[in-house]
Amino acid sequence: MSSGLPSGFRLSSCAALVAALLPILAAAQSVRVGAPAPAFTATDSRGQTESLTGNRGKYVVLEWHNQSCPFTKKHYVSGNMQSLQKEWTAKGVVWFTVISSSPGHQGYVTSSEENAYLAQMHAAPTAALLDPDAKLARLYSAKATPQMIVIDPKGDVIYDGAIDDRPTPDPADIKGANNYVTDALTEAMAGKPVNPAYTRPYGCAVKYPD
């Protein structure tokens, strides 16, 4: 049965629809727990190049960060995030803080501003990756700050989601919270399956470019 539309119109419309949907589908499927983590290369706040392939054989944590986000401040003002960074990097884990805020949006920082912040907060990530064009955020479908992703030495994603089970900006809620990152790394290093392997991330929305 004919739709009454020229075939060329229908084909071009379908092609346009597919083209529009591809980025959405790619984002939805770009990272899955249990699947290989998407490879990336990024520049850190000290001008050094960092990559996932360069850290194959190690556990890697990706921590999406926004200095101005109350949910991020919760974990830095309390010292909780710094304690996690120091604890796990001392055990050989590579910890990347990822800043995907685009210029003109909340959380955007220059290299010098980020380095000053790291010093002020006594933070201890392996490196702070600057991602102002949000390429890394899109690759991992990052939604919130803080959002945490843990990658095992084989290069597979073993955890994706919230830092803990207290989705509030109140530092007082850290005490007694179940920290999913600590659980994931502890279980994986003991040869146990990570449970939960996925949780809903909470916090401020990642500030993608307009």
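Helices (H or I, at least four residues) and strands (E, at least two) are DSSP runs, numbered from the N terminus. The model in these views is predicted, so local features need pLDDT of at least 70 and side-chain atom pairs count only at pLDDT 80 or more, while totals for chains, interfaces and linings use all residues. Residues are numbered from 1 along each chain as its sequence is written, and side-chain values use heavy atoms, leaving out hydrogens and water.

View 1. Start with the loop between β6 (144-145) and β7, where P146 sits. Then move on to the loop between α6 and β9 (204-205), which holds P196.

**View 2. The largest nonpolar core.** A nonpolar core is a set of buried Ala, Val, Leu, Ile, Met, Phe, Trp, Tyr and Cys residues joined through side-chain atoms within 4.5 Å. Buried means under 20% relative accessible area, exposed over 50%, and partly exposed in between (1.4 Å probe, protein chains only). This core has 29 residues, and W95, M148, V150, Y159 and L185 have the most contacts inside it. Elements that each supply at least two of its residues include α2 (70-77), α3 (80-89), β7 (148-151) and β8 (157-161). The most comes from α6, which gives five residues. Another core, of 22 residues, lies apart from it, with V31, L52, V60 and A137 among its members.

**View 3. The surroundings of V150.** Contact means heavy atoms within 4.5 Å. Leaving aside residues up to four places away in sequence, V150 touches V60, V61, D156, V157, I158, Y159, V181, A184 and L185.

**View 4. Positive phi at H122 and at S141.** Neither residue is a glycine. H122, in the loop between α4 and β5 (127-130), has a phi of about 55°. Its relative accessible area is 57%, so H122 is exposed. S141 has a phi near 50° and belongs to the loop between α5 (135-139) and β6. At 12% relative accessibility, S141 counts as buried.

**View 5. S102 and its neighbours.** Look for S102 in the loop between β4 (94-99) and α4. With 2% relative accessibility, S102 counts as buried. Its side chain makes a polar contact with the side chain of H105 (2.9 Å). A polar contact is a pair of N or O atoms within 3.5 Å; within protein, one must be able to donate a hydrogen and the other to accept it, and residues adjacent in sequence count only if both atoms are side-chain atoms. Not counting residues up to four places away in sequence, S102 touches Y108, P132, K207, Y208 and P209.
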